[in-house]
Amino acid sequence: MTSLLQNSTQTAPSPFLVPLNFARLQRKYTYSAYQVELEPFISKLLHQQTSAEEQHALLLSVYAAWLYRLSAEEEVSFSTLVPQSGVLTASLTMVKNTTFHELAGLFQDMLHKPHAYLADPQADTSFSANLLADEGTEPRIMDWAVIESNGTYQIQIRYDDSLLLETTVVWYAEYFELLLRGALINSHALVNSIDILSEADRAAHEALNNTVVKYPEHQTIHGMFEEAASQYPDRPYHRFPRRGIYVP
């Protein structure tokens with residue numbers, strides 16, 4: 001069962017393990033911003049949420065799902081800025097059969113009892129609804145916000161450009177939008193059930209998995225070993241004395 005830890009049971013937040021373009025050892029703490037408007041269909045569904053709290057909880061659930069899907073980690077953490085409460089830390093233990101509805105319920109409880117989640121230190125990433133990242137605070141690896149203006153919603157991301165390329169941030173925003181669309185269409189969907197692969201992703205996966213090569217039809221297995229040994233005589237061999245096998 002997915003759980004959300006309160007500050008009395010939290011230790012250090014889980015690290016941000018979404019893939020980065022560059023090693024953390026090269027981090028220079030330099031930042032860029034990216035923003036993109038959500039498609040009208042998604043904005044319309046978001047606007048139909050019954051309350052601001054319900055919408056906030058749904059968006060938090062989608063960001064938790066985004067972290068879970070992209071990191072492939074069961075434990076994820078992020079910070080979120082809540083008006084009149086401060087910066088809360090959400091640390092979750094996720095399971096495979098988690099639904100967006102279940103996550104949203106956990107976050108609604110968090111928003112009702114914010115004092116229970118005022119944990120330090122804060123996480124390496126943050127997500128807020130209708131609140132921009134505070135320019136006066138130390139930026140994290142990624143700071144996300146979904147901002148509404150006149151019924152239109154926009155994703156705004158501040159990111160460490162010494163760790164992430166803009167092209168990667170664009171992909172990550174697209175994955176988030178696909179998860180958000182899935183959650184709005186069916187809140188009881190499993191977070192693992194939403195297909196977030198683009199056509200480019202699919203083509204890249206197919207190319208990586210295309211390992212078919214022409215097999216030499218008139219060659220024996222031991223003949224192939226002999227041929228490899230003659231082509232690379234200076235390479236070390238793996239020895240299996242009990243079986244009398246010597247493999248280059």
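Five salt bridges are counted in this structure, a salt bridge being a side-chain nitrogen of Lys or Arg within 4 Å of a carboxyl oxygen of Asp or Glu. The model is predicted: local features need pLDDT of at least 70, side-chain atom pairs count only at pLDDT 80 or more, and totals for chains, interfaces and linings use all residues. Residues are numbered from 1 along each chain as its sequence is written, and side-chain values use heavy atoms, with hydrogens and water left out.

Select Arg 24 and Asp 124 to begin. Their side chains form a salt bridge with an N to O distance of 3.7 Å. Arg 24 is in the loop between β1 (3-5) and β2 (31-37) and Asp 124 in the loop between α3 (100-112) and β5 (125-129), so this pair ties together parts 100 residues apart in sequence. Helices (H or I, at least four residues) and strands (E, at least two) are DSSP runs, numbered from the N terminus.

Next, select Arg 27 and Asp 160, a salt bridge whose closest N and O atoms are 2.6 Å apart. Arg 27 belongs to the loop between β1 and β2, whereas Asp 160 is in strand β7 (residues 152-160), 133 residues apart. Asp 160 is buried, at 0% relative accessibility; buried means under 20% relative accessible area, exposed over 50%, and partly exposed in between (1.4 Å probe, protein chains only).

Continue to Glu 39 and Arg 181, where the closest N and O atoms of the salt bridge are 2.5 Å apart. Glu 39 lies in the loop between β2 and α1, and Arg 181 in helix α4, 142 residues apart.

Finally, select Tyr 63 in helix α2 (residues 52-71). Tyr 63 is buried, with a relative accessible area of 0%.
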